[in-house]
Amino acid sequence: MPELPEVEVVKQSLEKYILNKSLLKIIVKNKKLRFPVPENLSKKLSHLKILNVNRISKYVIIEFKNNLYLIVHLGMSGTLHIVKNKFNPQNTNLSFYHSKNLPKKHNHIFFNFKSFSIIYNDPRRFGFIKLIKGKKNLKNYFRGFGPEPFEKDFNLNYVKNFFYKKTKNIKNTLIDQSFVSGIGNIYASEILNFSKVNPLKLSGKLIDKEINKIIFYSKKVLKYAIKKGGSTINNFYSIKGSQGTYQKEFRAYDRENEKCKNKLCSGTITKLNISNRSTYMCNNCQK
């Protein structure tokens, strides 16, 4: 599932293409996503100017004229692809997540602009599109979400208060969107490895030093992943001048039986199953 960095990269890519553009029309090939595609979506949004592109947690928010907000959630396998009118299915993905090229199947929604189209592809159909009227309703939709990792509100005092007497392990707490927005399974393993904290340790048992490390590395890991993601996007390539993905630099995730990358650590990465999710940790520095 795409997490905060992947969705942020999608948001940045979309912004470069669609900001201040007017949508011509929407063609829905399959409305049966996680939730049905809203009725008359094309009629409601056609010929409206796009005023802003934002991200909240793992959601892309496209703001249209007339106080309309389109929420795009990519679910488990969703991707957005840009295809110019001179059709070229190569390097269409607006993120480094999943296939870089436009798949032949599961292209469910086409957002058509004057000289290009944005295509929503989702093999497993766990993603969804939702239209909301009004900023207040948009805010209410996300009212149960915790602060973004980059916000000032994500600090020692907030975390300590949230953790107080909590019996949930820190791995599951990190991916709890009511605690902090945007962190998922992959980056939770990365953050905890950097922080040298055992993913099974109870959140309520963490000391200030460990909490400060988790806060610090949450920001550092996610910012770095966004930076590495940007250099792999087709439209970023000529700007950045180089390619690379954070997947190539994992320190813990998907590195079972490999040497830990933390300095002066002789440990090995092991794989755990926590709440039916693969979790990776060092058997030495994360005891």
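Predicted model: local features only at pLDDT ≥ 70, side-chain atom pairs only at ≥ 80, totals over all residues.
I began with Asn 66, which sits in the loop between strand 3 and strand 4. For elements I used DSSP runs numbered from the N terminus, with helices as H or I of at least four residues and strands as E of at least two. Residues are numbered from 1 along each chain as its sequence is written, and side-chain values use heavy atoms, with hydrogens and water left out.

**Entry 1**

Asn 66 is partly exposed, at a relative accessible area of 44%. My classes are buried for under 20% relative accessible area, exposed for over 50% and partly exposed in between, with a 1.4 Å probe and protein chains only.

I place Asp 254 in the loop between helix 8 (234-240) and strand 9 (269-274). Asp 254 is exposed, with a relative accessible area of 54%.

**Entry 2: the whole protein**

I counted eight helices and ten strands. The radius of gyration is 20 Å, close to the 19 Å that the globule rule gives for 287 residues, so the protein is as compact as a globular protein of that length. (The radius is taken over C-alpha atoms, and the rule is 2.2 Å times the number of residues to the power 0.38.) The C-alpha trace spans about 55 × 40 × 30 Å along its principal axes.

I then checked burial, and 54% of the 287 residues are buried. Of the contacts (heavy atoms within 4.5 Å) with a separation of 6 or more, 64% join residues 24 or more positions apart. The protein exposes about 14600 Å², with carbon and sulfur atoms supplying 50% of it; the area comes from the Shrake-Rupley method with a 1.4 Å probe.

**Entry 3: cavities**

How many cavities of 30 Å³ or more does a search of the whole structure find? I got two. On a 1 Å grid over the protein atoms alone, a cavity is a set of points where a 1.4 Å probe fits but cannot get out, a pocket is an open set with protein on both sides within 12 Å along at least five of seven lines, and lining residues have an atom within 4 Å of a point. Volume is the space filled by probe spheres set on the points, which are joined across faces, edges and corners.

The largest cavity has a volume of about 90 Å³. Its lining includes Leu 14, Ile 18, Phe 64, Leu 70 and Phe 113. Helix 1 (4-18), strand 3 (59-64) and strand 4 (68-73) each give at least two lining residues. I sorted this lining by class and got twelve nonpolar, no polar and no charged residues. Here Ala, Val, Leu, Ile, Met, Phe, Trp, Tyr, Cys and Pro count as nonpolar, Asp, Glu, Lys and Arg as charged, and the others, Gly among them, as polar.

The second largest cavity comes to about 30 Å³. Among its lining residues are Pro 2, Glu 6, Asn 93 and Tyr 97.

**Entry 4: the largest pocket**

I finished with the largest pocket, at about 370 Å³. It is lined by 15 residues, of which Met 1, Lys 58, Gly 184, Asn 185 and Arg 277 lie nearest its centre. By class, I noted seven nonpolar, five polar and three charged residues in this pocket's lining.
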